[in-house]
Amino acid sequence: MASRRSAGGDSFRIEAQEFSQLLNDAKKFDKELAKALRKEIRAAAKPVVADVKREVKALPTSGQYGSGVRAKTARGVGLRISAAKRGGSVTIVAADRNLPPRHKAMSRLLNREKWRRPVGKSRQTWIWQRSTPYFEPSILRHRAALRRAVEDALDKAATALGRNR
């Protein structure tokens, strides 16, 4: 299991050696089995994604006006299941696709303890902004259960395909 930062936001990824092969074989053997495997993995990750979204929305805000960055960042949190030839993965990602261009970096900055920003439109005066990391703490709370659930789903698929894992 690995945590990784990407250019388009933060991501957390579970990689299983046989994941890609099992999912692709399940597709060839029985499309319904592949569909059920994906559905089971998605269901296992759903509470983690919901927790990350809840954490983003709960971040403290200051100031009189809100720009909706927290809500838009929460909308960008999602799940990807990949069965690429080089290896499959389950990735939880906080994408910045819902944010306007001037706020693209905010999904990553909100996950830091502090960062610098200009005061208003002035580029002369900068201040430190504080935040509470939301991504990794939320996922780490669920990591063991998520890993077990994904491995159980893989074991079921392997058994249905007549393999041992």
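Me: What percentage of the 165 residues of the protein chain count as buried, and what does buried mean?

Reply: A residue is called buried under 20% relative accessible area, exposed over 50% and partly exposed in between, with a 1.4 Å probe and protein chains only; of the 165 residues of the protein chain, 39% count as buried. This is a predicted model, in which local features need pLDDT of at least 70 and side-chain atom pairs count only at pLDDT 80 or more, whereas totals for chains, interfaces and linings use all residues. Residues are numbered from 1 along each chain as its sequence is written, and side-chain values use heavy atoms, with hydrogens and water left out.

Me: How many helices and strands does the protein chain have?

Reply: Helices (H or I, at least four residues) and strands (E, at least two) are DSSP runs, numbered from the N terminus. Here the protein chain has five helices and six strands, and along the sequence they follow the pattern β-β-α-α-α-β-β-α-β-β-α.

Me: At what angle do helix H1 and helix H2 pack?

Reply: Axes are lines fitted to C-alpha atoms, for helices over the stretch in contact, and angles run from 0 to 180 degrees between N-to-C directions. Helix H1 (residues 19-29) and helix H2 (residues 31-57) pack at about 140 degrees, with their axes 5 Å apart. Angles under 35 degrees count as roughly parallel, over 145 as roughly antiparallel, 65 to 115 as roughly perpendicular and the rest as oblique; H1 and H2 are therefore oblique to each other. Contact means heavy atoms within 4.5 Å, and among the residues that make it are Phe 19 and Leu 23 of H1 and Leu 37 and Ile 41 of H2.

Me: Which residues touch the most other members of the largest nonpolar core?

Reply: In soluble globular proteins, nonpolar side chains tend to be buried together. A nonpolar core is a set of buried Ala, Val, Leu, Ile, Met, Phe, Trp, Tyr and Cys residues joined through side-chain atoms within 4.5 Å. The largest such core holds 39 residues, of which Ile 41, Ile 92 and Tyr 134 touch the most other members; its largest share, ten residues, comes from H2. Leaving aside residues up to four places away in sequence, Ile 41 touches Phe 19, Ile 81, Val 90, Val 150 and Ala 153.

Me: Is Lys 57 buried or exposed?

Reply: Lys 57, which lies in helix H2, has a relative accessible area of 56% and is therefore exposed. Lys 57 is 17 residues from Ala 74 in sequence, and their C-alpha atoms are 6.6 Å apart in space.
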